[in-house]
Amino acid sequence: MGRNKALIDVDGEPMARRVAGALRDAGCVSVVAYGGDAVELRALGLPVLPDRYPGSGPLGGVLGALELFAATDLSIAGVFVVACDLPALTGGDLAALITSAHDHRAADVIVGRTSAIEPTCAIWHPRTLDPIRRWFSGGERTLHVVIDRLSGVAVDLDAAALRNMNTPEDLARYPGSRDS
C-alpha cells in the first residue's frame, strides 16, 4: 500500500480503529495495537505494544500477543488476534467467535471462515502458547500450518466481514475508503 495500513481511512476512520471498535463492541476488555511504529500509531488512541518478533509475520504476532496476555493471566479464556486490515468486521461478527469459544472450550483456536479460514481473525486459547513457541522456535512461520496442528473450530462469517485490504485495488473496491 506504500504506507501504514492501520492508518488508512475507511468510512472516516483509520482501519485499525475500526477493528478495535469491533473488538470492543464484541466485549473485549483490553484492546491494543501490537507492533508497528508506536509514534505513528499513537493517532489511533490505543495502547501500542512493541512487536516481540519483528519481521516474522503474523505467527510472530500471535506468539507475541500470547506471551504478553496469556502468559501473564492464564485465567483468560483466550487472546483475540485480529489483523488491522479487516475494516468491515463488526462486533456481531466477532461476538460469533466469542460464542463459539464458550461453546467449544476444548478447542485451541476459534477462527473466522468464509470459503476458507481467515487465520488473522482468531481466538487463541492460552494453552497454545507452549506448542506455538516450540513450532516458531523450530522455524515455522505459517498460521495455516499451526492452526492445522491444533484443535480448532471455524466459524462462518459473511465474506465481506473478512475481506482484507492488501492492495490499493482492494481498497478502491471498498465502499467508503479514501486512500489519500
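Mentor: The protein chain exposes about 8700 Å², and carbon and sulfur atoms supply 52% of that area. Please keep in mind throughout that this is a predicted model.

Trainee: What share of the residues counts as buried?

Mentor: Of the 180 residues in the protein chain, 45% count as buried, a label that requires under 20% relative accessible area. The secondary structure of the chain comes to seven helices and nine strands.

Trainee: Why is Asp25 called exposed?

Mentor: Asp25, which lies in helix H1 (residues 15-25), has a relative accessibility of 64%, and because exposed means over 50%, Asp25 counts as exposed. The C-alpha atom of Asp25 is separated by 8.3 Å from that of Ala95, a residue 70 places away along the chain.

Trainee: How do you know that Glu118 has no salt bridge?

Mentor: The nearest side chain of opposite charge, Lys5, is 9.6 Å away from Glu118, whereas a salt bridge needs a side-chain nitrogen of Lys or Arg within 4 Å of a carboxyl oxygen, so Glu118 has none, although Glu118 is buried. This residue lies in strand S7 (residues 117-124).

Trainee: What makes the pairing of Glu118 with Thr120 a polar contact?

Mentor: The side chains of Glu118 and Thr120 are joined at 2.5 Å, and the cut-off for a pair of N or O atoms is 3.5 Å, so the pair is counted as a polar contact. Leaving out residues up to four places away in sequence, Glu118 also touches Leu86, Val111, Gly112, Arg113, Leu162 and Asn164.

Trainee: Which residues touch the most other members of the largest nonpolar core?

Mentor: That core has 30 residues, and Leu23, Phe80, Val82, Leu89, Leu94, Leu97 and Cys121 touch the most other members. Two or more residues each are given by H1, strand S5 (79-82), helix H4 (91-103), S7 and strand S8 (152-156), with the largest share, five residues, coming from H1. Apart from this core lies another, of 20 residues, among them Val62, Leu66, Leu129 and Leu150. In soluble globular proteins, nonpolar side chains tend to be buried together.

Trainee: Which residues is Leu23 in contact with, leaving aside its neighbours within four places in sequence?

Mentor: Leu23 is in contact with Cys28, Val31, Phe80, Val82 and Leu94, where contact requires heavy atoms within 4.5 Å. For the chain as a whole, among contacts between residues at least 6 apart in sequence, 65% join residues at least 24 apart.

Methods. Residues are numbered from 1 along each chain as its sequence is written. This is a predicted model: local features need pLDDT of at least 70, side-chain atom pairs count only at pLDDT 80 or more; totals for chains, interfaces and linings use all residues. Side-chain values use heavy atoms; hydrogens and water are left out. Helices (H or I, at least four residues) and strands (E, at least two) are DSSP runs, numbered from the N terminus. Buried means under 20% relative accessible area, exposed over 50%, partly exposed in between (1.4 Å probe, protein chains only). Accessible areas come from the Shrake-Rupley method with a 1.4 Å probe; for residues, only the protein chains shown count as cover. Lys and Arg count as positive and Asp and Glu as negative; His and the chain ends are not counted. A polar contact is a pair of N or O atoms within 3.5 Å; within protein, one must be able to donate a hydrogen and the other to accept it, and residues adjacent in sequence count only if both atoms are side-chain atoms. A nonpolar core is a set of buried Ala, Val, Leu, Ile, Met, Phe, Trp, Tyr and Cys residues joined through side-chain atoms within 4.5 Å.
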